[in-house]
Amino acid sequence: MAMDFKELLAKQAEMMKSTTEAKSEVEREITKVLTFSIGEQIYGIEIPNVVEIIGVPHITTVPGVPDYIKGIINVRSKVVPVVNIRSRFGKEEIPYNDRSSIIIVSSEDIQVGIIVDQIRDVIPVKERHIAKSPDHIGVNNNKFIKYLLEMSDGIKLVLDVNKLVYENEAVVD
Amino acid sequence: MAKVESGMEAMVDVYIFETTGLLEQLDEILLRTEQANEFKEDDINEIFRIMHTVKGSSAMMGFENLQQLAHKGEDMFFIIRENPEKVKDISFVYDLVFQMSDLFKAEIEAIQNDDDFEPTDFSEIIKKLENGAAMLKGEVAAPAAAASEAAVPAAPAKNWGDDCTTVRVFFEDGCKMENLRAFLLLNKLREEAQILDFIPDDVESNQESANVIIDNGFIITFRAPDNKAVLQVIEEAINVQSYEVINNEPEAPAAQAAETQQAAAAPAAGAPAAQASKPAAAEKTEAKTENKSSGGGKQSLISVNLSKLDQLHDIVGEIITTESMVVANPELEGLHLESFAKAARELRKLTSELQDTVMSIRMVPLAGPFQKMNRIVRDMKVKLNKDVELKIEGESTEVDKSIVDNLNDPLMHLVRNCMDHGVEDTSEERVANGKPAKATITLAAMNASGEVIITVSDDGKGIDSRKVLAKAEKNGLLTKPSNEYTEREIQNMILLPGFSTNEVVTEYSGRGVGMDVVKKNIEKVGGTISVESKLGQGTTFVIKIPLTLAIIDGMEVKVGDANFIVPISAIKESFMVTNDQIIHDTQQGEMIMMRGVCYPILRLHDKFNLETEIKNFEDGIILLIEADNRSVCLFADELVGEQQVVVKPFPVYLSQYDIKREGLSGCTIMGDGRISLIIEVNNLIGLH
């Protein structure tokens, strides 16, 4: 991991060098990210992809789907599938408690609910925080990670909602 | 180039809708007349009108290639119309016009679907149409010659006599496409007056004429019983800025003509015989509009965008859910509320009426997709050289619009299949088997208890079960020893994916995709398909589709923590049992004997892996369900109650998993906001 870090920093330094823009450009806020935790790790989802955050309601299980799809829920008269991000990322599921939440994310017309351990915060993202996700980070879950955020309080993994939502379709063809 | 002129996008939809409708009408007339082998005057007029409208609106939208195409078609029918009695051999006309209408449809589809739409070059078919027109002209030489003589832009006939009026019309500055507006104005005027002449005379085909109109105005000479009425029309026409009556001194229009002629002459070069024939055409059109207006009167039909209906439909669904949320609210439990109950009943009545009305709006007759089959049979008949007649029954049967749209392809495939594989290759073969030389394909539809049954049958060779079985074996489709299959099961194998009996791929069917696609399409709309066949006597495909998809009467049953909806239509009865009624077979299977019939029992909690405390048959309830003449008993914890539910499909995200095969057709949101799964009886029974 430490090696990765150095590489990351080097890459970032390079990126900054190559940007000929003024420093203020780098400081500009590009987006906001909703952060949440799964175990010790902090993840994030870009705000434009977030529809709403709800508690965990009654989930109707559906047969014939992989384990990580927990079923379907009713979100204001819309039927939305929910995915447990823990088991999706190969972690052990924990029972839902009052901090468990479902983040409804959307990409184009498709909505999916993601069950997370705890909602953290909404943080502004500046360009200097972003490190492109290198190919070899987190072998398994890598495809869902859009980029890394390096903040003073640690690294946050920002998820690629498009890939989460459309992964199924990609498998079909 | 942009797809359409800017500011016209909104009209494209209307154009597509209208033109498609007209083309279908055209096909219908052609098929009918071809069968009768004669053109009635009405038919010719109607075709002419269709061509004319299509031409006008295509020009309006700026689709020049389509406009030209329609123009040539119109030309041809103009000749036919002028000389109906002389036109005897018209079979080539049909082929040409069918070709034209196909190209038209393809082009319109392209306009509809392709963002980077490129107009197709129709010069080939246009040439053919021109040749066709020439041939017709050759047969009816005299009047055609007259027509072409008049086509010379010199204006010998400009002197119309004293009773005519000439008007010069100016359009608003910058209203664009003055020539087309002039053309539309002419069409309007034809209702009131007989148009004798107009300058420039090539407004519909020559965009350059717009400039002439801007400079000199649009000059119309007409003869009318009531001049005032005509002038009124001009005054009220859209974008007309001003007009002046250049009165009926014979020289005046002539002079005007001469003046304008120079301006018009240059761009007019490309415009052939058609406009010259305009005045004559106008007379006919006039006569026709008179007929029409007496019958037509006010329009009682409007066309509505389907998405608006879908929206309305969704809202009604929400209302029904909300209604049960209110009426069956748990907080009301145990209260004795007389007037509330009364009001609730009233509400229920009204919502179900609302639902029925919305449904009926969405119902369209099957005539549309059925009539299209005429075309397919006609085309294939020629290509395959088989003598086949298509019989259509019950075409007025109505089905939900969304279902009809999904039926076109399967029906087409089935009819093609009947033509290609079903019907014998030669009529000799038929006669040798004691059948009439002419084969019959029957397309029938009827209503039967909440379902529509559509059959596609032929009186051809029938399905050879042995061949089917052998093929299925070869393709590895058998799941049990081949001698255990019933005739019916074997025949239905042709609907399995990966099955196609015909080794030779033809133009029409047997592209390898085959019948399983038909089956998929029909299942998509909640229907089923089966096949019945007798070797040597013919094959019948039976399609059963629900009248409507969206709302069903269901019985809510509870299994552990979950609730399921079983469609009421599938439930035969529900009852309690005692353990001594249960029969256990050797493979852990459980059955129940009722009235001498043995039914297998399916435990829902086992099927769907649910936790429940009720595992003893005596504590729960049994539902006997039936579909496709097969029955099974479902074991559930308890019945909750009967309820109308709005069927919602599973989210797109889950579409890759075959939930339907698990025996579930969709889900619904219950009054308390929870989601229940709707049981798909057919698949559930099939699974067992």
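Predicted model: local features only at pLDDT ≥ 70, side-chain atom pairs only at ≥ 80, totals over all residues.
Modeller: Residues are numbered from 1 along each chain as its sequence is written, and chains are lettered from A in the order in which they are written.

Colleague: Why is α15(B) called roughly antiparallel to α19(B)?

Modeller: Helices here are DSSP runs (H or I, at least four residues), and strands are runs of E of at least two. Helix α15 (residues 401-422) of chain B packs against helix α19 (residues 515-524) of chain B at an angle of about 155 degrees, their axes being 9 Å apart. Angles under 35 degrees count as roughly parallel, over 145 as roughly antiparallel, 65 to 115 as roughly perpendicular and the rest as oblique. The angle therefore makes α15(B) roughly antiparallel to α19(B).

Colleague: Which residues make the contact of α15(B) with α19(B)?

Modeller: From α15(B) come N406(B), D409(B), P410(B), H413(B) and L414(B), and from α19(B) come V517(B), V518(B), N521(B), I522(B) and K524(B). Contact requires C-beta atoms, placed from the backbone, to lie within 7 Å. The residues of this contact divide into five nonpolar, three polar and two charged. In that division Ala, Val, Leu, Ile, Met, Phe, Trp, Tyr, Cys and Pro count as nonpolar, Asp, Glu, Lys and Arg as charged, and the others, Gly among them, as polar.

Colleague: What makes M11(B) partly exposed?

Modeller: M11(B) lies in helix α1 (residues 9-36) of chain B. A residue is buried if 20 or more other C-beta atoms lie within 10 Å of its own, exposed if 12 or fewer, and partly exposed in between. M11(B) has 15 C-beta neighbours inside 10 Å, and therefore counts as partly exposed.

Colleague: Which residues touch the most other members of the largest nonpolar core?

Modeller: A nonpolar core is a set of buried Ala, Val, Leu, Ile, Met, Phe, Trp, Tyr and Cys residues joined through C-beta atoms within 7 Å. Of the 80 residues in the largest one, I103(A), I114(A), F564(B), V566(B) and L623(B) touch the most other members. Strand β12 (residues 551-559) of chain B gives the largest share, five residues. Apart from this core lies another, of 37 residues, including M373(B) and L414(B).

Colleague: How many residues of chain A are in contact with chain B?

Modeller: There are 19 residues of chain A in contact with 20 residues of chain B. On the side of chain A, α4(A) gives the most, with four residues. That side divides into 13 nonpolar, six polar and no charged residues.

Conventions. Axes fitted to C-alpha atoms, helices over the stretch in contact; angles between N-to-C directions. Contact = placed C-beta atoms within 7 Å.
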